[in-house]
Amino acid sequence: MKKSTQAIHLPYKRRDAYDALSLPVYNAVAYEFDNAQTMADAFCNRIEAPDYSRVENPTVINFEERVRALTGASHVMAFNSGMAAISNAMMALAAQGKNIVTSRHLFGNTFSLLTATLGRFGVETRCEDLTNVDETAKAIDGQTCCIFLEIVTNPQLEVADLRALSALAHRHNIPLVADTTAIPFTQFSAKELGVDIEIVSSTKYISGGGTSLGGLIIDYGTTEGFSDRVRFELVFNLGAYMTPQVAYMQTLGLETLEARYQVQSSNALLLAQRMNELQGIRKVNYVGLTDNPYHELAASQFGPTAGAMITIDLSNEQACFDFINRLKLIHRATNLFDNRSLAIHPYSTIFGNFTREERAEMDVLDTTIRLSIGLESVDDLFDDIKQALGE
């Protein structure tokens, strides 16, 4: 089956008692067992049966299984946010004295997690230019536990060569870990590009319009012991497992993902092309544009679509504030890949608590506005942008 069909028609592990077409939300905390031995077997993972909803729930399992079928992964684990998924993955791989090789081009909280939070526990973060594989190689040593990156960085929109980084990582017997949130996993195969562990903020495209917070760790089975550590240690000990209500909403979102994404990515390309005509915009940055420096690499890795995130640069910070204040249709809000189009000034918000020097090192500029393109008419979005520019 095609992925758009598979997302809707994956059979349930167990037949629903009332044959509901959508698996119900199992709000139960605990589950009845026939006898003591079955209970012991469930708790010790000798049989597949939920024992407690903090660590396993039928509605969440159904969501994980659908993602596993769509990606071809060995294991999928669902969490209560994208940051929770990243945190659990990094804690499963890292330890005191280890180091993570990554880039300064990361989402603000991800950068802070690696450099500040994990740093306090003795994990070193080494920031390199991941588009330069030779330079990246120099940062790897016997204590490196992984290479980590975003496949399209937020908000710099940088794309690195995943095949080259995978080859480098595997020469050193370490995993390549990629946050692939920017392009849905229905559009390309991270596994075929050499990614060992894929992390997704399911809050974004999957949730179906900003309905719920969630995150996924998608493990392709090449990192020994990784999923067991996440599933049977960290999920138990940290309590970041996805809730059944969220899993239900995100399962429904998964069913319409392909249809929504095709509209959003098409809208983003058309809008980026048209914004290039506007005098008030100094730069339009979108990897789907043929003159973008990452266009060919992105197309070779992710296929013909380039996601729904665009950045534009205006003359200065005040011009960005004025533009955002004048928007009438596009919402002033954070988040990405909602059904609605959103605008934010990353320098003063997402990265607002970093110093000027840190923001400069991260290439986060005070002239940049990030746009997340939704399902509205491109004509209406373009008209809103034009009037916000005063054109």
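Biologist: What should I know about the model before reading it?

Modeller: The model is predicted, so local features need pLDDT of at least 70 and side-chain atom pairs count only at pLDDT 80 or more, while totals for chains, interfaces and linings use all residues. Residues are numbered from 1 along each chain as its sequence is written, and side-chain values use heavy atoms, with hydrogens and water left out.

Biologist: How are two packed helices described?

Modeller: By the angle between their axes and the distance between the axes. Axes are lines fitted to C-alpha atoms, for helices over the stretch in contact, and angles run from 0 to 180 degrees between N-to-C directions. Helices are DSSP runs (H or I, at least four residues), as are strands (E, at least two), numbered from the N terminus. Here α4 (residues 82–93) and α5 (residues 108–117) pack at about 25°, with axes 11 Å apart. The two are therefore roughly parallel (angles under 35 degrees count as such).

Biologist: Which residues of α4 and α5 meet?

Modeller: Contact means heavy atoms within 4.5 Å. M83, I86, S87 and M90 of α4 meet N109, T110, L113 and L114 of α5. By class there are 5 nonpolar, 3 polar and no charged residues; Ala, Val, Leu, Ile, Met, Phe, Trp, Tyr, Cys and Pro count as nonpolar, Asp, Glu, Lys and Arg as charged, and the others, Gly among them, as polar.

Biologist: At what angle do α3 and α9 cross?

Modeller: Helix α3 (residues 58–71) and helix α9 (residues 244–275) cross at roughly 30°, and their axes come within 8 Å. Residues in this contact include F63, R66 and L70 of α3 and Y248, T251 and E255 of α9. The contact has 8 nonpolar, 4 polar and 2 charged residues.

Biologist: What is found at the start of α2?

Modeller: At the start of α2 (residues 36–43), a side-chain oxygen of N35 lies within 3.2 Å of the backbone nitrogen of Q37. After α2 comes N45, with a positive phi near 65°.

Biologist: Is S212 buried or exposed?

Modeller: Buried means under 20% relative accessible area, exposed over 50%, partly exposed in between (1.4 Å probe, protein chains only). S212, in the loop between β6 (197–200) and β7 (215–219), is buried at 8%.

Biologist: Which residues does S212 contact beyond its neighbours within four places in sequence?

Modeller: T203, S207, V246, M249 and Q250.

Notes
Angles under 35 degrees count as roughly parallel, over 145 as roughly antiparallel, 65 to 115 as roughly perpendicular and the rest as oblique. A polar contact is a pair of N or O atoms within 3.5 Å; within protein, one must be able to donate a hydrogen and the other to accept it, and residues adjacent in sequence count only if both atoms are side-chain atoms.
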